Amino acid sequence: MNSIIKLEIQKKVFKKKGLSILNDFELEVERGERLSIIGESGVGKTSLLNIIGLLDTKYQGSYNLFGSSVKDLSQNKLAEWRNQKIGFVLQESALINSLTIEDNIKLPLMYANIEKDQTVQEHFKRIINKIGIEPILKKKPLECSGGQRSRAVFARAVIMNPQLILSDEPTASLDLENKEKIINLLFDMNKEFNTTVITVTHDLDLANRHERIITLERNE
Amino acid sequence: MKYSLFRFIDVFEAFAIYLICFASNLIIIYVQTLNLEGSSIIKSFLKSIIDYQLIINIFLTFIIIVFHYQFLNRRKTEISCRILVGDTMVNIIIRYIMNSLSILVFSFLLSLSLNFYLELNVTSNLYLVLIFIIYILISVGQVQRK
Amino acid sequence: MRILQFFITRIFLKRWILVLGMILLLFLANYLSFTTARSIISTYQGYQEMETLNQEGTFIANLDPDSEADFGKFKIDDTQKVYEYLNNNYTYALRADGFVTPLDNKHNMEVSFNYINEEAYKLNQFKLSQGNQLTFNYNFNKEKIPVLVGAGLATTYPVGSNIEITDPVTQQLVNLKVQGVLKKNTRRSNFYAPNSKNYFNFSIFIPVNEKFIQSAGLDLHVNSLMDIALLDSTKEKSMNLKEHIQENLGLEFNFFSQQENFNYFEDYYVNSLKIICTITFILLIIIVCLATWNTLVSIRLMIKDFTINLLVGLSYSKLRAIFYSYFGILFSINLAILFVITAFDRYGFWLRKDSTFATYGIFGLISKDWIALLIVLFIDFIIGFTIVELTIKKIKSIPISVGVLK
C-alpha cells in the first residue's frame, strides 16, 4: 500500500448551525488513485474536500497527508503544500476577474517564486498548448466562455505539477463538449504523472469514470 | 424593502455616515460661536481645525462615495437577477435614487435636532445635502448588472 | 516584495476609490493627531520656560482685564516715577519685545528690537552660537551698546560689527556693537499663553540698565510693566507697587505669586489640554471606526481575490504582512503630505517676511514639528495594528471555499 491520504474524522461540527457531519468517517487514498465522492446536498462533500485540501483544520480526528500529520503543520506549511502539492479544480467562477487568464494561471508560480524560471516558462507553455487556451491568455475571465474559464481553472490547478488534484463539481456548468475536455485533461494528468484525483460531484456519469466511488450519507 | 436594493444594514450604514458628516460640520460651526477669548490654547487648537473646515468636511463626505461604490458593486448580481425576473434597469435606477434620497433626507431631518440643540442656523448643513445629492447622482453610473 | 506589488497594483488599486477613501480618513486622523501633539508640546515647552521664572518670592505682573487703560493719557514723568520707585525698592526682571525697526539684512526681514534687563537676562539663560553673553554696565550715550543678534542677522552683522541706528524707544542715534549671536530658533513663550511663541532669529537684544530706562520713552516704560516680574519679594511689597502704579498711571495690575500661578496653570493649562485631548480622542475613535468600516467593506468586495490567493499558496501570515505593508505605505503617504504641508507652512513665514515666526530647520521644520510627527507615527502604529488585525480576523472567519465562490 502506498497511501498518501489517511484520514480519520470523529466529527466535524458547525457551531453556528448546530450541525455535526462526517461522524466516524475514515478514508485512505493511494498514490495515483482516481476517487469520486458523491452524496446528497449538505451531507459534507465540500467540507470533506476542504479538509483534504488543507483549507479546514478544525475537526476532531487525525489526518496524515503525504506521510505527515496535518495537525503538526504550521499555517505557512499548509499554504506551501496547497501551493506545491495540491491543485484545486473548482467551478469556472473561481478566477480573479480583474486579472488576465495568464495572470490567474501564473498565480501559484508567484507564491513559489519561480515565475521567471526558464523551465517553468516552458512548462507553462506546454500546459497552455495542451489545454488549448493560448488565444485567451490576455483576456479577462469575464471576456471568456464558461468552458474557457473552466480550462483556465484547470491550468492553474496543474501548473505546479501537484501530486493531488481536488476537484469540486468541475463540470457543473459546462456543456457536453467542454465537460469531456475537462474530464480528459483530469485523467490525462492522472495517467501521465500518477497524480491522485479526488472529485466531488453530483454527476453519476462523471463519478462512474473514477476507479472508486465513496457515497456520503446523512447521519441519522 | 421588497423592491429596494437596500437592506436594513445598508440603510443603517448610510444613515450613520450621513449623521457623522452632518454632526462634524455642525460641531465645527458650533465651536466658532463659542467665546474662547480666555482660553488661547483651545482657541489656537480649534483654529487649526476651523481653518480647514471645508477640506475636512469634503474628506469626510468622501466616505459616502465609498458607501455607494461598494454597495452598488455588491448589488450587481442582484440587479442581474431582478432584470432576469422582469424588472427594468430604469426602474431599478429610479428606486435607487429615491431610496438614497430618502435616507439622506431622514438623516438631515434628524441632524436638525442637533441644530436646534446647539442653536445653529437650520441651513448650516444644506451645502452638505447638495454635495450628497451630487454624489448620489454620480453613483447612478455604477448601477450595473454583472 | 513581488507579492506585495501584485496585491497593491492588481487588487487594491483596482478599487482605487476604497484606497482613496482610506487615505483621506487616515490623513484626517494624522492631521488631528499632529495638531494636538504640537499644541501639547508647544504648551509644555512654554510651561518649562515659565517654571524658570515662576519661583518662590517672584510676583509676575498682569494687567487686570477690567482695568480701563487710556495709554494716550500717560505722561513720561508718571512712568519715570514708577521706575524710580521700582529701582529704589525692588529687584525686578524687565523685558519688552517686538519694537520693529527697519534694518538692512540678507533676508530682507523686519528686525525687532527686544529690551531686557540684567535680572530677566539671568533668568532666561539664552544660548549663544558665537560670541559672548550680554553685559549691562555700559555707559548709555557714551559707549557702544553691546547687543546680541538673532541667527538670521549673523551673516550681515557678525560678532564685532557695529550698527548705527535710531533706537525706537529712546529715539536717539545709538551705536550698537554685536557681542554675540543667539542660537538658531531661540524663542520665548507668552507667560499666560504658553503655546504661543516668538522666535528671535531676526531680533536684536539690547541690554537695559537704569540709565537706559531713564532715557527711554513711554513705549518701553508701559510695555515693560505688562510683564514685569518682582524677584525676592513679598505679597505686601507687591501690593505696594500695585498701589503706586494705580496712583501714578491709573492702571490696575495684579501681581501673582508662585502658588497663584501654579493654581492658574492647574485650572487653565491642564484643563485646556484635557479638553483638547478628549476632543482628539473622540474624533480619532470616530475616524478609526470609519476607517475600519472602509476596510471591512473592502474585504466584502475583495474576498474572492484574497481567498483565491490563499487557495493557491498564500499563507495568512503573508497576508498579514501584506496588509501591514499596505497600511505602512498609506501612512507613509500621509506622513509625507503632512510633512510637506508643515514645511510649506513654515516656509510661508519666510515668504511673508514674518520675522517673528521664521524658523531654521530641515525644510524649516523645528523640533516640536519632528516630535509631533513621531507621535503621529506612533498613533499610526496603533491604528494600523487595530485595523489590520480586525481585517485578518474577518478574512479568517470566511472559509476559503466560500470566499472563492463569492
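Trainee: What makes the stretch around Lys179(A) a helix here?

Mentor: Lys179(A) sits in helix H6 of chain A, residues 176–193. Helices are DSSP runs of H or I with at least four residues, strands are runs of E with at least two, and both are numbered from the N terminus. Keep in mind that this is a predicted model, where local features need pLDDT of at least 70, side-chain atom pairs count only at pLDDT 80 or more, and totals for chains, interfaces and linings use all residues. Residues are numbered from 1 along each chain as its sequence is written, while chains are lettered from A and ligands numbered from 1 in the order in which they are written.

Trainee: Which residues does Lys179(A) touch?

Mentor: Leaving out residues up to four places away in sequence, Lys179(A) touches Thr171(A) and Leu174(A). In contact means that the C-beta atoms, placed from the backbone, lie within 7 Å. Gly147(A) is 32 residues from Lys179(A) in sequence, yet their C-alpha atoms are 7.9 Å apart.

Trainee: What makes E6(C) paired with strands E8(C) and E11(C)?

Mentor: Two strands pair if DSSP finds at least two bridges between them. E6(C) has 5 bridges to E8(C) (residues 173–182), running parallel, and 2 to E11(C) (residues 203–208), running antiparallel. Therefore both count as pairs. Val149(C) stands opposite Val181(C) in E8(C) and opposite Ile204(C) in E11(C).

Trainee: How many residues do chains C and B give to their contact?

Mentor: Chain C gives 24 and chain B gives 19. On the chain C side, helix H2(C), strand E10(C) and helix H8(C) each give two or more, and H8(C) has the largest share, 11 residues.

Trainee: Why are 15 residues on that side called nonpolar?

Mentor: Because Ala, Val, Leu, Ile, Met, Phe, Trp, Tyr, Cys and Pro count as nonpolar, Asp, Glu, Lys and Arg as charged, and the others, Gly among them, as polar. That side of chain C divides into 15 nonpolar, 8 polar and 1 charged.

Notes:
Contact = placed C-beta atoms within 7 Å.
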